[in-house]
Amino acid sequence: MNWKAFLAMLARDAHVARRNFVALLFQTFLQPLMFVFIFGRVMVGSGYMPPSYKSLLLPGIMAICMVGTGIWAVAMPLIAEFQFTREIEDRLLAPMEISWLAIEKVVAGTLQALAAGLMVIPAAWLLLRPGVDLHVPHPLLFALVAILVALFSATGGLALGCSMQQTHIGLMFSLIVAPMIFFGCTYYPWSALEKFPVLQKAVLVNPLVYASEGLRATMIPQFPHLPLLAVVVGLVFFNALLLVTGLRNFHGKSVT
Amino acid sequence: MVAGIRTRELRKVYNSAPPVAAGTGGFSFGAPKAKGKQPRPEIVALDGISLDILPGEIFCLLGPNGAGKSTTVGVLTTRVRPTGGQAFIGEYDVWQNQVAVKRLIGVVAQRPNLDFSLTAREILTFHGAYFGLSSQERAKRAEALLERFKLTDRADQMVRGFSGGMMQRLSIARAMMHDPQVLFLDEPSAGLDPQTRLLLWEIVREYNQSGNTILLTTHNMEEADALCKRLAIIDHGRVIALGTPQELKSAVPGGYLLRLRFGVHSPDFLIRLQVLAGVREVRANDSNGADLYADRGGSLVAEVAALASGAGVELCDVHISEPSLENLFLHHTGRSLRE
């Protein structure tokens, strides 16, 4: 393993992210924070939603932000660089096994997703206060879940980025990302689906469910949520599946 | 001692249309896409290429589009998995020792593939970092290369706005950044203006003089003639001729080529052309064309015209080519390199 090349590529991604920081900020936070404002502030303030919804919403918004950031940071560059600009070729020719380039992309995406997740907490909290009831009784468990969620976003980005054609980016968002968010227990807890038993079971194939529920379990444990063990098992399983799929497809794209 | 390049019976068969210029033979393929259980179409891009490129040599692969030049480069640079045969850079088998091979090579792809998120200088310095150069060394080499490729005044601008020629120059500078022993240049002068092409040739020669091996592909005979010590002409994934430009040119019967076009000609008439003094070979192109290989050019025209007039055949067009690699290609394949 060539750590020098690996770290140089991480430095390159950090440099590019720093250069695009303002654009990234708007891209990551604008939509979720508008959602927080309308549903958490306007709807709750006008009495259409119960006050407890504020606390329920925050972990879901954090999950959306993290997953959106990871997918955007890993999938979009890969789609463009493999197909249109071919920018990645220089890094594929660096003296390092090409799987490590895919792993570097996952590490960079995970770090960006973690940063986005940690930044959205104070931002949403400021927008929602007063009345947000956050408890983090086990910070280490919270950190573990947050890392697994960030990793899911980046491995998902790798798998998507290496399977999608450039012409299908719009479809990727409307057919994969949007349904994943709406059926990912982000705006409501999994227990809210009790009256829709079939749907409640069906959504368990959506990894975002484990991400949202895991953050709920570690940030607002006073509300109903999936058992933490199920969350960790679910996230580890999907992370492994997406990583293996992503690496295989990355090889397929890199070598003809 | 720098590394050379060796291939043994290299084969590559694509099961689907190869990606454009990303290490492909790029055969045009008119058949409809395979559906259902129909067998996938097989496209043979390399059909047993064996080459020995000596350390320190400038070697050229000459051939038309789709001949297999880029696929050969793709296999030698770890980007295309060979279907059969072996490829070596120095002592390393390319497919078995990819990391070791990548340390030895620098690659300029046919299509620009610069990192659009970076400035010209950053592209060089990050490339240096991937190859483990110290930050001082990176800065020093980047500065020297920017100067050499006349890019200093645009060094700190994003490359998105660069012209095609500037991108190409920067691509070559980047490939030289880690001082590779073997440099691959895939159609390096495509799209360059004559002045930049001369600069490129000068730099390629200079890089070679410092002892490095260079493999370049081109379909420009002038470039092959000007730069290469030896060259291989390839077509349909096979080597059809190999040697120094001089050897290859002298292998064409006579050297000169007269491409003749008549109203209509007959086999008898072609036999009569064959006996003209200096004519080595006559080949019918179609019902009204003929290629005449001879050891003289212009002086034959009057005799051909007289013979045609005597036989009642109308001579419509004459094109004379002096001894060239183009003639050699035409002699071997019956097609022009430009077709």
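Two residues are in contact if their C-beta atoms, placed from the backbone, lie within 7 Å. Please keep that in mind for the interface.

What you have here is a predicted model, in which local features need pLDDT of at least 70, side-chain atom pairs count only at pLDDT 80 or more, and totals for chains, interfaces and linings use all residues. Residues are numbered from 1 along each chain as its sequence is written, and chains are lettered from A and ligands numbered from 1 in the order in which they are written.

Let me start with the interface. The contact draws 20 residues from chain A and 27 residues from chain B. On the chain A side, helix H1 (3-19) and helix H4 (89-92) each supply at least two residues. Helices here (H or I, at least four residues) and strands (E, at least two) are DSSP runs, numbered from the N terminus. H1(A) gives the most to that side, with seven residues. By class, the chain A side has ten nonpolar, two polar and eight charged residues. Nonpolar covers Ala, Val, Leu, Ile, Met, Phe, Trp, Tyr, Cys and Pro, charged covers Asp, Glu, Lys and Arg, and the others, Gly among them, are polar.

Next, helix packing inside chain A. The axes of H6 (residues 139-161) and H10 (residues 228-254) of chain A come within 8 Å and cross at roughly 30°. Axes are lines fitted to C-alpha atoms, for helices over the stretch in contact, and angles run from 0 to 180 degrees between N-to-C directions. H6(A) and H10(A) are therefore roughly parallel to each other, as angles under 35 degrees count as roughly parallel, over 145 as roughly antiparallel, 65 to 115 as roughly perpendicular and the rest as oblique. The contact of H6(A) with H10(A) has 17 nonpolar, six polar and no charged residues.

How do the axes of H5 (residues 98-128) of chain A and H10(A) cross? They come within 10 Å and cross at roughly 125°. That makes H5(A) oblique to H10(A). H5(A) contributes A:Ile98, A:Ser99 and A:Ala102, while H10(A) contributes A:Gly246, A:Leu247, A:Phe250, A:His251 and A:Ser254. This contact has four nonpolar, four polar and no charged residues.

Finally, chain B. Chain B has eleven helices and 14 strands. Its C-alpha atoms fill a box of roughly 80 × 55 × 40 Å, taken along the principal axes. Chain B is divided into domain 1 (5-114 + 162-249) and domain 2 (253-322), with bounds from an automatic or database domain assignment. The C-alpha centres of these two domains of chain B lie 37 Å apart.
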